[in-house]
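Hi there,

Here is the structure I promised you.

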Amino acid sequence: MLAHLSHQCENRWFTWVTQSKLALEKLEDYAFQRSHIRIIRANSDEYAQKILKEALQNGNSSTVVADLKNLSTEERLHIENAGVSGKCNTIILRLFNQ
């Protein structure tokens with residue numbers, strides 16, 4: 001699904017905010033459209049949420065994916081509002097502590 005979405009971003013970015021190592025070359029194995037992907041590395045959940053909201057609000061991305069460990073109902077509502085403001089879709093991948 002994510003690879004498909006990366007092909008739908010002709011004039012805007014497919015942005016991935018991650019706290020993990022994510023190699024652009026590895027995404028090619030899954031047929032991602034590499035020319036429209038930007039990967040932003042965050043060192044904490046708080047920073048990832050900040051970057052996620054900014055990416056959604058600025059309208060430069062068609063889709064923003066973020067992997068987060070914690071997300072309150074209030075934070076989720078802020079993210080939804082940011083997506084509406086920037087006319088952008090978001091997918092939150094929930095990470096569970098191991």
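**Salt bridges, then the sheet**

Lys 26 and Asp 29 form a salt bridge, with their closest N and O atoms 3.6 Å apart. Keep in mind as you read that this is a predicted model. Of these two residues, Lys 26 is partly exposed, at a relative accessible area of 48%, while Asp 29 is exposed, at 56%.

The count of salt bridges comes to 4. Another of them joins the side chains of Lys 50 and Glu 54, at 2.7 Å from N to O. Lys 50 and Glu 54 sit 4 residues apart in helix H3, so about one helical turn separates them. Lys 50 is partly exposed at 44% relative accessibility, and Glu 54 is partly exposed too, at 38%.

In helix H4 (residues 73-86), Glu 80 and Arg 76 are also 4 residues apart, about one helical turn. Their side chains meet in a salt bridge, 2.4 Å from N to O. Both ends are partly exposed: Glu 80 has a relative accessible area of 40% and Arg 76 has 36%.

Now for the sheet. How many strands form it, and in what order? There are 4, in the order E2-E1-E3-E4, and the pairing is parallel. E2 (37-41) and E4 (89-94) are the edge strands, each pairing on one side only. From one strand to the next, the twist averages 15°. Strand E3 (residues 61-68) pairs with E4 over 6 bridges, and Thr 63 has Asn 89 in E4 as its bridge partner.

Finally, back to helix H3 (residues 45-57): this helix lies across E1 (13-18), E2, E3 and E4, and runs at about 170° to E3.

Cheers

Methods: Residues are numbered from 1 along each chain as its sequence is written. This is a predicted model: local features need pLDDT of at least 70, side-chain atom pairs count only at pLDDT 80 or more; totals for chains, interfaces and linings use all residues. Side-chain values use heavy atoms; hydrogens and water are left out. Two strands pair if DSSP finds at least two bridges between them. Helices (H or I, at least four residues) and strands (E, at least two) are DSSP runs, numbered from the N terminus. Axes are lines fitted to C-alpha atoms, for helices over the stretch in contact, and angles run from 0 to 180 degrees between N-to-C directions. Contact means heavy atoms within 4.5 Å. Buried means under 20% relative accessible area, exposed over 50%, partly exposed in between (1.4 Å probe, protein chains only).
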